[in-house]
Amino acid sequence: RWIRSHETERFPQRNGMKTTDDNDDEDNDETNTSENNIIVRVLFCGEEFIGGFEATKRYTEASSSSSSSSSDGVTVKVQNCPRERVKDMIQEYDVLVPLMTRFDETVINSAAGNGSGDRGKKLSKCKLILQFGVGLEGVAIDLATKAGIKVGRIRSDSNPNATSTAEMGVFLTLAALKKVNECQISVENKVLGSPMGESLFGATVLFVGWGRVAKAQAKMFKFGFQCKIYALRRKRERKGEEDDEDDNELLDGLYEGDISDVDLVGNFPSGRNNIVVIACTCTPENRKMVNKTFLDSLKFGEERVPGIVVNVARGALVDERAMREACENGMVLYYATDVCYDEPVDVGGDLLSLGENGKRASNIFVTPHVGGVTVNSYERMGKIVAEYARKIVKEKRIESDECVSIVN
């Protein structure tokens with residue numbers, strides 16, 4: 001059965017927004033639906049990225065009132081809860097959206113519902129962990145597999161997320177080149193014509209990682225600003241893998257090897273508008289790969305000049321203490337990032353803490369992980385989550401399709 005057996009605990013509204021099913025007529029779903037109607041429950045695990053929960057809930061509420069949706073006998077109900085309550089809540093839900101909540105052994109065991117109820121029935125209803133996006137590094141996939149729980153992500157090619165994140169990469173690059181922090185200081189001090197910035201036009205860009213986000217951003221750089229585009233990617237795992245047709249048009253050079261091998265930048269021009277964009281997947285093997293050794297290698301051209309680093313991937317790829325030191329001693333001209341090692345970002349941590357002068361580093365610019373947070377992207381992904389939850393109930397199987405990739 002997909003209908004839960006008892007009422008789910010409710011949570012108060014936060015910041016004036018509904019964070020759970022706040023309508024009284026939704027509290028007793030079994031009594032307010034016909035015997036033939038099946039309810040599938042989706043839990044957003046945490047209150048970060050609230051727009052994802054809200055977009056999914058809006059879609060389910062709109063679709064539940066349509067004749068086509070109500071006729072298929074499946075109703076999708078969406079709720080969210082604070083991270084600290086996830087472990088206690090998840091057994092009552094069919095689909096779990098982890099967001100930033102770590103699905104470690106404790107959470108997976110709770111989701112699996114080890115043990116049985118009074119009638120010998122399995123306590124948990126959980127069948128699927130589905131990320132609102134592509135990042136699954138916080139989910140212990142092997143443990144979920146052993147527990148019989150499927151794990152999936154939304155395909156990057158099925159939603160505008162990659163394009164939105166690429167746009168963020170362009171913004172961060174321009175923020176670094178135009179010295180956005182110093183600009184704000186000049187505004188506050190009523191100073192005109194300072195600081196002196198650099199141009200993105202004709203810049204040299206090295207992408208560390210060559211996936212969908214990198215390619216989308218490379219197109220913006222190449223055709224919008226006539227940049228020279230290079231990429232460093234890991235060696236192909238399977239023989240016969242072919243490059244995209246667009247690669248030849250986009251790239252001035254493609255390198256394969258250790259993803260952290262950046263000595264090749266010595267072959268680049270020595271200008272001050274050299275940019276490294278971190279755009280690779282984060283794995284246990286490459287955590288903190290942007291470390292002191294990596295940063296010491298970022299010397300461009302014959303003159304071995306430093307460059308700018310932009311991160312649109314994951315904060316865990318960067319040793320933030322090493323990055324702070326590199327920015328302070330001029331080894332890196334600017335670090336602009338939408339992601340941090342700890343999120344929400346610790347303003348007292350290595351990146352943003354006050355220095356001995358009582359100030360933060362002026363050449364580090366951080367945004368709160370909003371690269372993919374756009375109306376277009378979230379509405380699309382909210383629809384995918386709701387429709388996939390409905391689909392697995394109707395078809396009684398969980399497998400990859402054109403919008404969702406099941407990884408186990």
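How much accessible surface does the chain have, and what share of that surface belongs to carbon and sulfur atoms? The total is about 20,100 Å², and 46% belongs to carbon and sulfur atoms. Accessible areas here come from the Shrake-Rupley method with a 1.4 Å probe; for residues, only the protein chains shown count as cover.

The model is predicted: local features need pLDDT of at least 70, side-chain atom pairs count only at pLDDT 80 or more, and totals for chains, interfaces and linings use all residues. Residues are numbered from 1 along each chain as its sequence is written, and side-chain values use heavy atoms, with hydrogens and water left out.

**Whole chain.** Colour by secondary structure to see 12 helices and 13 strands (DSSP runs numbered from the N terminus: helices are H or I with at least four residues, strands E with at least two). Of the 408 residues, 49% count as buried (under 20% relative accessible area; exposed is over 50%, partly exposed in between; 1.4 Å probe, protein chains only).

**The six-stranded sheet.** Select the open sheet with the order S2-S1-S3-S4-S5-S13, where the pairing is mixed (two strands pair if DSSP finds at least two bridges between them). Strand S2 (74-81) and strand S13 (404-406) are at the edges with a single partner strand each, so one side of each has no neighbour in the sheet. Inside the sheet, S1 (residues 38-45) and S3 (residues 95-97) run parallel over three bridges; one to show is Phe44 with Val97 of S3.

Contact means heavy atoms within 4.5 Å.

**The cores.** Now select Leu206, Ile278, Val290, Leu295, Leu317, Met323 and Tyr335, the residues with the most contacts inside the largest nonpolar core, which has 34 residues. A nonpolar core is a set of buried Ala, Val, Leu, Ile, Met, Phe, Trp, Tyr and Cys residues joined through side-chain atoms within 4.5 Å. Helix H11 (320-328) is among the elements that supply at least two residues each, and its four residues are the largest share. Zoom in on Val290: leaving aside neighbours within four places in sequence, its contacts include Ile278, Leu317 and Asp319.

For Cys45, the nearest cysteine sulfur is that of Cys81, 5.8 Å away. Cys45 is buried, because its relative accessibility is 0%.

Notes. Disulfide = S-S within 2.5 Å.
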